[in-house]
Each structure stands twice: as structure tokens, then as C-alpha cells.
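Hi,

Here is the structure I promised to pass on. Have a look at it, and then read on for what I found.

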Amino acid sequence: MDALLAVAVGGLLCPYAALESPLHGGVREPLWVSVLVGLAIGLPLAVRRRWPMTVAAVISAVTTVALVTGVIPNFAAAAPALAIGLSFYTVAVSTATRRSILCAAGCLALVSVALVLTAGDLWSRAGGVVYASVMIAPAWVIGWLVRERRALAARQSDHLVRQATAEERLRVARELHDVVAHTLSLIVVKASVANHVAESDPREAGAALRVIEETGRNALADVRRVLGVLRDDTSYAPTPGLDELPTLARQAAIGGVDVRLDVRREAPGSVVPESVGLAVYRIVQEAVTNVVKHAAPAACRATVTVTPGEVRVEVTDDGRRPVLTGGEGHGLIGMRERVALHGGDFSAGPRSDGGFAVTASLPYRVAA
């Protein structure tokens, strides 16, 4: 494209350089000189992206010589404007600001001085300076504005990439925390049981070890699924949702917590989005895991209500918990982040009649 542009500009300049206008101060140069001058101004545009400053200097110098010697008549002085403008636009776009300013200022000064020294009167000298300024300055300013806009767009794009990367890391860390914390809590409980009854009741110890084995296998599958999302060429199982809550309740019973699960669907026809279903599952999982870790043995009630446009979650227990002075743990923070991600409301705290309560509401859009 640059080569075609250079040929076109050079071809347009040749007729102006070949004009014979002795009445206007022109000279009668040979035709080959006129063609050579026109091509010398236009053809450097073919390599303007590779050597922008050199091209701008060459075009400015040849144009100045052509105007001073009269090869290009004064009344046709605007003919090289396209070549000069493109060259300095390229300088501003592709060169660092300081270097492009020095190049533009240097060429502007040389062209102005040459035109002023060869001008006859004051008006001609002033016209030479204005001509050089009009040919160079606007093109450079436009190129500089385009460069700054591209740089801003690149910075914004990099910021969005970094933000998306941070959000993905947070999502993966949250998923791994929920999987590992829930699984290790059950494993620790059953390992403690196996340790206490290993000698007195080998059957009970064996049953506890089988539970540990099954729980560990499930945890490995969940971890592979979470990490598999990070690889484009890896197929992974569907994320858990509302249908997997009964399995979660049965696993909690292993840790000594009697979970009474109640899933109510007030809108049977509506489909809960996968992301909302996963968030509900992880909230119930974390809440039940906290009961296993801090309040077992206890009775726990998990109520999930699906309404048109919203899913409400309430997990309560009647167990006693130790007094914690370290503020919210990572589990509560993770639940709060999941709810905030969907624009919902979350609360967690001790109940007035004993135990602990976790409530959350997650709005969603019903698919048409």
C-alpha cells in the first residue's frame, strides 16, 4: 500500500514540476529533471514506516530545493503538501515524542530559513514561514494525537487483561479453598474416629478409612475439574449445582452433622444459571463445613428457595462454637465474595437462641 501510495503521489507531482511558467518565476528545466524531482518527493513514502525520520527529512529537503530553484512554481507550492503531511504524520505516530519533536522542529526551521533567504520582500518571507508551518505542524499534531490514543488503548487493554487474570486467579483460589477445606474437615474427623477405635473396633476403623478414601478420591476429582478449566484442551465434568446438594448433605453426616436439606422450587419452569447454582452449592458447602469443624456434633438445617429471579439460601445450626477473635475466616470472606459477584445480599452471625446462621440471596435473570 505504501508503494502504491508513493507511486501515485510521485505521479501527481511530476506535472506540477514540469510546468513552464516564466511569468511566475518558474524555470525551463528539462523534462527528466521535472520527473526526477516529482519522484524524489513521492517515492520515499514507500519506506516511510521503516525510516520515518529519514523520509521526512528527504522530502522536506527536496521540496525546499524545488521551491527555491523554481522547479515547482510558487503558485503550485501546495502540491507537495500530501507527501510532507504523510511523512510527518508517520514520524509522530511511530517515533518517540521527543525525537519526533526534534525532527519536526529541525525540518521546519530548515525549510523556513531556506524560503526566507530566497524571498524577495517581507510578505514573501512571512509566507514562506507560514507555508512551512502549515505543511508540517498540523500533520505532526494529528500523528501525535493518534499515537497517544493508541497508547491509551493499549494501556487500557493491558489493564483489562491483568484484571481478568486476577479475577480468574481469585475464582480458582476460592474454588480450591472450598474443595480442600470441606474435604480435609471430613477426613480429619474420620481419621480421628479411626484412630480412637483402631484397637477396640477394627470394623469401625475400616469403615472410617473407606470413607476417607472415597472422600479423598472425590476431592482429587474436584481439584482436577477446577484446574482443568485453566487448560483449553482439557475436558472437565460439569460444575456442581443444586442437584448435588443431597450428596453434600450425606457427606456432612459422615462428620457428625445431621443436615436436613430442604430445596424449594417456587418457579419449576425457571432454569437457574450454572454460575448461580455453583455459588449456592459452595455457600452451603462452606456453611456445613464450618459446622463440622466448629460445632459438631450438631443439627443443621439448609433451606434453598428458588424463586423467579432469585435464589435464597439459609443454613442454621444449633451447635456451640468457640469464641473466635481473629475476625472473619477465609470461608466467610469467600461466601461474601461469591454473593457480591452476583449482586446479592449476605449475612452470617450467631443466632439469639444459640447456634449460627448463614443467609444469602442471589438474583439471576430468567432466560427467555
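**The sheet and its neighbours**

Helix α8 (residues 245-254) lies across β1 and β2, and runs at about 170° to β1. Before going further: this is a predicted model, where local features need pLDDT of at least 70, side-chain atom pairs count only at pLDDT 80 or more, and totals for chains, interfaces and linings use all residues. Residues are numbered from 1 along each chain as its sequence is written, and side-chain values use heavy atoms, with hydrogens and water left out.

A few terms: helices (H or I, at least four residues) and strands (E, at least two) are DSSP runs, numbered from the N terminus. Strands pair if DSSP finds at least two bridges between them. Axes are lines fitted to C-alpha atoms, for helices over the stretch in contact (heavy atoms within 4.5 Å), and angles run from 0 to 180 degrees between N-to-C directions.

The open sheet has five strands in the order β1-β2-β3-β5-β4, with mixed pairing. β1 and β4 (345-350) are at the edges with a single partner strand each, so one side of each has no neighbour in the sheet. On average, neighbouring strands here are turned by 5° against each other, direction ignored.

Now β2 (residues 298-307): eight of its 10 residues are buried, so the strand is largely enclosed by the rest of the structure. Buried means under 20% relative accessible area (1.4 Å probe, protein chains only). β2 pairs with β1 (residues 257-265) in the parallel sense over nine bridges, and A298 is the bridge partner of V257. With β3 (residues 310-317), β2 runs antiparallel, joined by eight bridges; V304 has V313 as its bridge partner there. The two form a hairpin with two residues between them, and G309 in the turn has a positive phi of about 95°.

Cheers

Methods:
Buried means under 20% relative accessible area, exposed over 50%, partly exposed in between (1.4 Å probe, protein chains only).
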